[in-house]
Amino acid sequence: MLGGYAGKILDVDLETGELKDKMPDEEILRRYIGGKGLGLKLIYDEFRDDMQPFDPDNLLVFSTGPATGARVPTSGRFHVLTSKSPLTGAVGSGNSGGKWGPYLKFAGYDAIVIRGISEKPVYLTIIDGKAELVEAPEIWGMTVPAVTEELLNRAGTDPKKTSIACIGPAGENLSLISCIMNDEYRAAGRTGSGAVMGSKKLKAIVVSGNQRQKSANPEMLAEKVAESMSLIRENPVTGPKGGLHVYGTAVLVNIVNAHGAYSSRNFQQSYFPEADEQSGEKLAESYLTGTTGCWGCPIVCGRKSFVPDGPFSVKYTEGPEYETIFALGSNCGVKELDAVIKANHFCNEFGIDTISMGGTIACAMELVEKGKIPEEKLLGFNLRFGDPGAMVECVWRAAYKAGFGADLALGSRKLAEKYQAPEYAINVKGMELPAYDPRPIQGIGLEYATSNRGGDHVYGYTIPSELLGIPEKRDPYSTEGKPEWTIFMQDLGSVINSSVICLFTSFALGLPQYAGILQAITGMELDPEKLLKIGERITNLERHMNNRYGFNRVQDALPKRLTAEPTPAGPSRGQVSHVPEMIDKYYELRGWIDGVPTEEKLKELGIA
Amino acid sequence: MGNNGKMKINVKFLASIREIAGAHEMQFELNSGYTVKDLLEFLELRFGAEFKEAAGKPFEDENPRLRFLVNGRDIDFLRGPGTELKEGDLVVLIPPVGGG
């Protein structure tokens, strides 16, 4: 048996209430590692081309990897997958930190596969190897912090060693932009997996335990961990005095804006003149109360914050992250950081993805601006760019589908289609775009266009090289070498999300470190080349499933605004994305034709 | 070109370097023809040892502690430290940071 794994997968049938332990196939672990890769394979084994998002057999999978909980730096993460995302129609996928992943393993399981629909609301507990489904209609409707507190009390285990993943009202109400939250403030945010969990009437999963997994080579692991820890600590980004710890991810606000890549007003602009008012520096100066880190993390990039007074007052909360500040702030034309903190707090309470929420509000604001939404549809709601109160109001309206909120709960694509103006939905494959304007950053545009889960920045994070000079500088305006770089980062991302460790380690570590750590834990013979091949296999398996759902070249495209409307002002004025000029090269390098892996490629990777 | 062989340049300081400069953005009147390298020397004199320590040798160090953007472009994609500044330019100083 390979080291580092718990050796069990919990299979939950919510229709029958049956719980079964399954053994993970060792060959599958060797080929897909864990986390995202393992989850994709589990979904693929029961794949159906005509799957619909709220079908009972749309699987919901929580998956850890061999590094999860293994005392490896940043090993507090896990991955969530759904066979079909209600937001995108592709495979659904998200990744989260906190401590839930490690405690699922300490409870004795590598992964959970959830099928069926429960008749009544239930929650699942897994405590020291014992799994149980509990009928609990009384917790349905609770917010994320409320249900977390309630279930921690009911569990009766040491709260420090207990962790809860759950949905909020947004997931229960099948909002297509709802997410799965854990440890109150952490989110497997994207692709609407909260709605899949809600459709199954599964409110929460409680995990706790003391089962520690053995690594194959503890001495080698100690050596590899020491090496990685030194690299992380000595690195100016990830070290104790590094930018991530001191300012959090929000440090990027001013930097990205200085490059003219901080989109505003639904990507009508790529520069926000008031960015400094919502920057990481401003957050540190006016709203920060402390820092917080995920399980086993030496970086500690999380923010504890508050808003002391005023209409957006919050006594204590966490965040906001860079992406959230962009989405709910500049993308809505809102400069007030206190309003963003409040809206972020609501998103966490109700279980909503902040990026998709902000993108959807911005889309709605532009639809109103352009006269596409008739006044009577808004029922008196005054929705305008730059209005902090309106932006905050959108969040609870979307969570409860209150009034116009029912439209916001659809996400931007379906919202804009409803008002016959799809060009105002700034999305790829139905998922709202993140916080880097792709017009002056060519690689990230290619990542947005080709990412299997839609408008995504972290599954192929080209930004460190294109904007931050890590590990080396690549000219953001140039298309040269970008298909190669995007592919490398996507396959590396698949490895990281399958291990499962944090993407932020990649500021300090590379494939040799990841290969060494995974070899020491599992006992598999690994090197950078073999590991990257596994990453390629994982990316291709996800692509293959999307192809079977009908995705191809057509969906690998940016909204027209980003390829046809040059950035109108700011430092990057006059730039457009050149994705259409890069995509053929990308496909050629991938071994794909029109967005579809060839038979040979699938055979080479052992997929088909 | 400004008056009397002088030009006004705006400089933005981000993250930790802002704490040393004590301001987010400042305007300086410099001699026309100044390059980014000249600006760095000017700032080292202006802000002293703490700034110098924080900046390191950004044009020589293997892992520079400071990056320079001129009007939104990293100087490595312009003319490097020899990039000439002109009236009204915005220079942004960025320490090593990351995020997501």
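This is a predicted model: local features need pLDDT of at least 70, side-chain atom pairs count only at pLDDT 80 or more; totals for chains, interfaces and linings use all residues.
View 1. Residues are numbered from 1 along each chain as its sequence is written, chains are lettered from A and ligands numbered from 1 in the order written, and side-chain values use heavy atoms, without hydrogens or water. A cavity is a set of points on a 1 Å grid over the protein atoms alone where a 1.4 Å probe fits but cannot get out, and lining residues have an atom within 4 Å of a point. Points join across faces, edges and corners, and volume is the space filled by probe spheres set on them. Here 49 residues form the lining, with A:Arg77, A:Asn95, A:Arg186, A:Ala187 and A:Glu321 nearest the centre.

**View 2. The largest pocket holds about 760 Å³.** A pocket is an open set of points with protein on both sides within 12 Å along at least five of seven lines. Look for A:Gly469, A:Ile470, A:Pro471, A:Phe507 and B:Asn63, which lie nearest its centre among 34 lining residues. Helix α20(A) gives the most to this lining, four residues (helices are DSSP runs of H or I, at least four residues, numbered from the N terminus).

**View 3. The second largest pocket has about 490 Å³ of space.** Its lining has 19 residues, and A:Lys241, B:Ser16, B:Ala54, B:Pro95 and B:Pro96 lie nearest the centre. The biggest contribution to this lining comes from α1(B), with four residues.

Note on methods
Helices (H or I, at least four residues) and strands (E, at least two) are DSSP runs, numbered from the N terminus.
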